[in-house]
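Please keep the sequence and the model at hand while reading.

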Amino acid sequence: MNYNLVWFKRDLRVHDHASLLQASRNGPVLCVFIIEPSLWAAADATTQHYLFLRESLLDLDLALRKRGGGLRIEEGEAVAVFERLWHEAPFMALYSHQETGNWLSFQRDLAVQQWCRARCIKWHEFAQFGVVRRLQNRDLWKVHWEALMAEPCLDPPACNWIATPETLILPEPQSLGLIQPDPPLRQKGGRRQGIDTLRDFLFDRSGSYRGGISSPLSAPTACSRLSAYLAFGCLSLREVVQATRRQLDALPRGDARRAGLTAFVSRLYWHCHFMQKLESEPELEFTNLHRGYDGLREADWNPAHFQALTAGRTGWPLVDACVEMLKQTGWLNFRMRAMLVSVASYPLWLQWQPVGTWLAQQFLDYEPGIHWSQMQMQAGTTGINTTRVYNPIKQARDHDPRGHFVRHWLPALRRVPPEWLFEPWRMPLKLQQQCGVIVGVDIAEPLVDLEWATRQAKSSLYQVRGRPEVKAARAAIVEKHGSRKLPTQRRKKVAAGDWVQTQLEF
Ligand SMILES: Cc1cc2nc3c(=O)[nH]c(=O)nc-3n(C[C@H](O)[C@H](O)[C@H](O)COP(=O)(O)OP(=O)(O)OC[C@H]3O[C@@H](n4cnc5c(N)ncnc54)[C@H](O)[C@@H]3O)c2cc1C
């Protein structure tokens, strides 16, 4: 039997799906998703990712069934599964999207490529993001991104389907070794949920985007909350860009949503800009983008600091509240993510790789290309962007002035008087006893003196940065990874509070 195999990966939809469309034009189609044990055994995979995936697969299967098809689930390593399917009934060609995943999925793709060559099977891969394979230089990258986003979205095709099992049987997380708790308040997977979130944002919530995305109090509703739907491909980036631009055209001048949506489109561009870095340099998941920073923190690894950070026991209320929110929801806004990495990298002086793995587990929207680029950027190891150090006490005063966020996520602090809320360790013992919150017992005591430890950290970083050979190596990194044209937002005057979030640095 001659047919085409469509391999669904992180593109769990039938709309705007180039590989499904092209496969359907060239013969009968079998749709397959592979649950790969080695990927689920990796340090960055957790129960929440798997459950979101399962929800999305059920939704995808439903969408395929509505059109007369269905999804076949296979469990095993990709090459072994393809070999099995090929022996069952040889297929003519393999179709999928171009994945920019973690190191393991990259190695898996290389193995699949070899297998295809050995079996003389053509593997057609289609870009779903503005990421360019084998990019030679960055000069025309933005032009390419705009061109891809302007192409018409593809309708789900009518296919000649190869039969699939009646019901979708998906393994339980435990059988894949996934035993982490599922955050009770995490977003649910599936395209329908993604579409609802997009509509709600475009027509309503985007009015609060500008000015609302920095505070952890307003961000959960002011931000689009589309990241997980983009990471799993329930929505295509192009359809989100186009729907946003249509809405922008329809809105009257002066409508608050216009400013929000304009800033939002620039984030969608960053999405691909950051992913391109990992595509061009897959090693940045493990190694410093600027090798001159090798050895900066590694030898000073402090397990107690890491343990306190991951347990939400640093003693800095905003930091610990963010960790608690992450555990409950699987999501945090950009500013608070950046602050967590800053606290880990500077006063706690932890190297970024283990911190990044822990955060990858916590973020439902874990997207390796964005994640590892951002980790390095915030930890200061790219060598080409400004050092950003966030003071968690100042951040609390700026973004949670009344302490609602901290009190919500850290009930133990509810009895602490407002004037001591962000620095409870400074409370006199008598007051601690009066309000029934003893520092070191009911709440953690800070591990280090914030000011002193931050100063030390900056000084160590600047020493490396100042070395002539480190300075000299910057140009090559800018050439390979730097953006060529700054987005319009940077040239516009923006409110001081929004500044950090609207500039694109490299
Ligand atoms: C250390 C660190 C790690 C991060 N890891 C991830 C990750 O694994 N996956 C992920 O999607 N985002 C990551 N981000 C970027 C950003 O924090 C999230 O995209 C955002 O908080 C998701 O919420 P949202 O969809 O409501 O964002 P919105 O503000 O509504 O943005 C819309 C979309 O634009 C993209 N985007 C937004 N901000 C950025 C950014 N700074 N860089 C690149 N793309 C961006 C995302 O796709 C996002 O869904 C990380 C940021 C930091 C500082």
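Which atom of the ligand lies 2.6 Å from a polar side-chain atom of Ser224? An oxygen atom of the ligand does.

## Basis of the values

This is a predicted model, in which local features need pLDDT of at least 70 and side-chain atom pairs count only at pLDDT 80 or more, whereas totals for chains, interfaces and linings use all residues. Residues are numbered from 1 along each chain as its sequence is written, and side-chain values use heavy atoms, with hydrogens and water left out.

## Ligand surroundings

There are 28 residues around the ligand, of which Tyr209, Ser224, Arg225, Asp365 and Glu367 come nearest (a residue counts as near if one of its heavy atoms lies within 4 Å).

Polar contacts (pairs of N or O atoms within 3.5 Å) include one between an oxygen atom of the ligand and a polar backbone atom of Arg225, at 2.7 Å. In another, a nitrogen atom of the ligand is 3.2 Å from a polar side-chain atom of His371.

Helix α15 spans residues 334-345 and helix α18 residues 392-399, and the two pack at an angle of about 165 degrees with their axes 11 Å apart (angles run from 0 to 180 degrees between N-to-C directions). α15 is therefore roughly antiparallel to α18, a label given to angles over 145 degrees. Arg335, Met336, Met339 and Val343 of α15 meet Pro392, Gln395 and His399 of α18, where contact means heavy atoms within 4.5 Å. By class, four nonpolar, two polar and one charged residues make up the contact of α15 with α18.

Helix α14 (residues 317-329) and α15 have axes that come within 10 Å and cross at roughly 120 degrees, so α14 and α15 are oblique to each other. On the α14 side, Leu318, Val319, Cys322, Val323 and Leu326 meet Met336, Met339, Leu340 and Val343 in α15. The contact of α14 with α15 divides into nine nonpolar, no polar and no charged residues.

## Helix α15 with α17

The axes of α15 and helix α17 (residues 368-379) come within 9 Å and cross at roughly 55 degrees, which makes α15 oblique to α17. Phe334, Ala338, Val341 and Ser345 in α15 meet Gln374, Met375, Gln378 and Ala379 in α17, and the residues of this contact divide into five nonpolar, three polar and no charged.

Key:
Helix = DSSP H or I, 4+ residues; strand = E, 2+ residues; numbered from the N terminus. Parallel < 35°, antiparallel > 145°, perpendicular 65-115°, else oblique. Nonpolar A, V, L, I, M, F, W, Y, C, P; charged D, E, K, R; others polar. Polar contact = N/O pair within 3.5 Å; in protein donor to acceptor, adjacent residues only side chain to side chain.
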